[in-house]
Amino acid sequence: SQLTKVVSLFTFPMVIIQVLRVLLEPKILDFKFNDDESVGRAYCKSPNSDYGLLEIISAALLLSIFVFLLFMAYSSRELPSFLNETKQIYKAALITVLVIAIGTFVIMITYAPSTSPDAQYALSAFMVLCVTLNMSFGLMYPKLKM
């Protein structure tokens with residue numbers, strides 16, 4: 001019951017933002033060409049700017065949830081050793097930040113009309129897989145070893 005409340009508390013605002021994003025800031029199709037306009041690439045963008053207001057709000061909300069969870073891990077460091085997962089949370093958070101930073105950097109570097117979008121989609125899928133499995137595996141594996 002309490003876990004459901006906590007998960008709902010963190011998930012519900014993101015769902016609302018995503019629904020508002022689809023309704024209020026729909027993406028439009030645009031094309032990006034190389035310098036001599038011989039090769040182009042279709043992509044979706046916000047009509048007003050590259051990043052919509054709701055995208056910025058959702059990124060800020062996600063970052064604030066991440067920081068809040070790190071603060072909760074820090075404040076629970078005095079728990080008995082069986083319940084203390086601060087080290088695992090910090091390791092998982094560090095790996096998550098590194099995967100997101102390196103993956104985003106590589107995506108930004110390879111974003112060109114001449115680059116296949118399949119590479120970026122594969123890297124994005126790999127990043128999502130790494131982040132979700134890292135959190136699950138990093139927090140559950142030490143408990144399973146006991």
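**Close-up views of a predicted model**

View A. In strand 2, Cys44 is the bridge partner of Leu29. The model is predicted, so local features need pLDDT of at least 70 and side-chain atom pairs count only at pLDDT 80 or more, while totals for chains, interfaces and linings use all residues. Residues are numbered from 1 along each chain as its sequence is written, and side-chain values use heavy atoms, with hydrogens and water left out. Strand 1 (residues 28-33) and strand 2 (residues 40-45) run antiparallel and are joined by six bridges; two strands pair if DSSP finds at least two bridges between them. Six residues lie between the strands of this hairpin, and Glu37 in the turn has a positive phi of about 55 degrees. Strands (E, at least two residues) and helices (H or I, at least four) are DSSP runs, numbered from the N terminus.

**View B. Helix 1 against helix 2.** The axes of helix 1 (residues 2-24) and helix 2 come within 10 Å and cross at roughly 170 degrees. Helix 1 is therefore roughly antiparallel to helix 2 (angle over 145 degrees). Axes are lines fitted to C-alpha atoms, for helices over the stretch in contact, with angles from 0 to 180 degrees between N-to-C directions. Residues of helix 1 that meet helix 2 include Phe10, Met14 and Ile17; on the helix 2 side, Leu61, Ile65 and Phe68 are among them. Contact means heavy atoms within 4.5 Å.

**View C. Helix 2 and its buried residues.** The 23 residues of helix 2 should span 33 Å at 1.5 Å a residue, and the end C-alpha atoms are 33 Å apart, which agrees. The expected span is 1.5 Å times one less than the number of residues. Leu54, Ser58, Ile65 and Ala73 of helix 2 are buried (under 20% relative accessible area, 1.4 Å probe, protein chains only). These buried residues pack against helix 1 and helix 3.

**View D. Helix 3 and its cover.** Buried residues in helix 3 are Thr86, Ala92, Ala93, Thr96 and Gly103. What covers them includes helix 2 (53-75) and helix 4.

**View E. Gln120 in helix 4.** Gln120 lies in helix 4 (residues 117-145) and counts as buried because its relative accessibility is 8%. A polar atom of the Gln120 side chain lies 2.9 Å from the backbone oxygen of Ile107. Leaving aside neighbours within four places in sequence, Gln120 is in contact with Arg41, Ile107, Thr110 and Tyr111.

How values were computed. Buried means under 20% relative accessible area, exposed over 50%, partly exposed in between (1.4 Å probe, protein chains only). A polar contact is a pair of N or O atoms within 3.5 Å; within protein, one must be able to donate a hydrogen and the other to accept it, and residues adjacent in sequence count only if both atoms are side-chain atoms. Angles under 35 degrees count as roughly parallel, over 145 as roughly antiparallel, 65 to 115 as roughly perpendicular and the rest as oblique.
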